[in-house]
Amino acid sequence: MRILEKCFVANREWAARELEEDPDFFKHLAAVHRPEMLWIGCSDARLPPNEIIGLRSGELFVHRNVANVVVHSDLNCLSVLQYAIEVLEVKHVIVCGHYGCGGIATALDRKPHGLIDNWLRHVRDVRMSHEDELDAIEDPRERGNRLAELNVKAQVANVCHTTIVQDAWNRGQSLAVHGWIFALGDGLLRDLGLCVESPEQIPPPYQMD
Ligand code: CO
């Protein structure tokens, strides 16, 4: 069977399974959209967010791009963030990177890759800010993995510096931003311990009243 036909067969099987478990499943799905978390992750096919954290349809709002980058001028990501926080009132925003990320590896080499080099400039900037630490790591794979962690940290900060997150905190909305990393080698997530849940945790130049 060709791959596209397989999609429709698998879809019908999935819908039937859900109905078997709960005959009102799709009635609820159509009526309610109330995920408690926003996931900002890499587009990499090996990180299907719902699957790796055991959440069902309707339980996770998702934004993905190459190397899980959050840029304050990216209307796409900001629109997702605004909808998640102001309309869905999610309690948690997760920025999740991963070891073995191709986008991160690309930001570490000197070869030209065309248009995507402009996007990955953001990761290259993270690399630049931690140049000494990264240069001291000899193994290229380990260097990439460390940059993947530092990139998550930078993107967590970028989320927190947005007007959207700061407005939420300033009106007393409960919201925590977390940084996680996923290892393709063992399928496990690591919490990088970067939880930010109040404006006092961000540097004063970025704080807005
Ligand atoms: Co990736």
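The structure is a predicted model, in which local features need pLDDT of at least 70 and side-chain atom pairs count only at pLDDT 80 or more, while totals for chains, interfaces and linings use all residues. Residues are numbered from 1 along each chain as its sequence is written, and side-chain values use heavy atoms, with hydrogens and water left out.

The protein has ten helices and five strands; helices (H or I, at least four residues) and strands (E, at least two) are DSSP runs, numbered from the N terminus. Along the principal axes, the C-alpha atoms fill a box of roughly 55 × 50 × 30 Å. Of the 209 residues, 40% count as buried. Buried means under 20% relative accessible area, exposed means over 50%, and partly exposed lies in between, using a 1.4 Å probe and protein chains only. Contact means heavy atoms within 4.5 Å. Among contacts between residues at least 6 apart in sequence, 63% join residues at least 24 apart.

Cys42 in strand E1 (residues 37–42) and His98 in strand E3 (residues 92–98) are 56 residues apart, and the pair links distant parts of the chain. Both Cys42 and His98 are buried.

Why does His98 count as buried? His98 does so because its relative accessibility is 1%. Leaving aside neighbours within four places in sequence, His98 is in contact with several residues, among them Cys42, Asp44, Arg46 and Ala148.

Arg46 lies in the loop between E1 and helix H3 (49–52). With a relative accessible area of 48%, Arg46 is partly exposed. Its side chain is joined to that of Asp44 by a polar contact of 2.7 Å. A polar contact is a pair of N or O atoms within 3.5 Å; within protein, one must be able to donate a hydrogen and the other to accept it, and residues adjacent in sequence count only if both atoms are side-chain atoms. Beyond neighbours within four places in sequence, Arg46 is in contact with His98, Gly100, Phe182 and Leu184.
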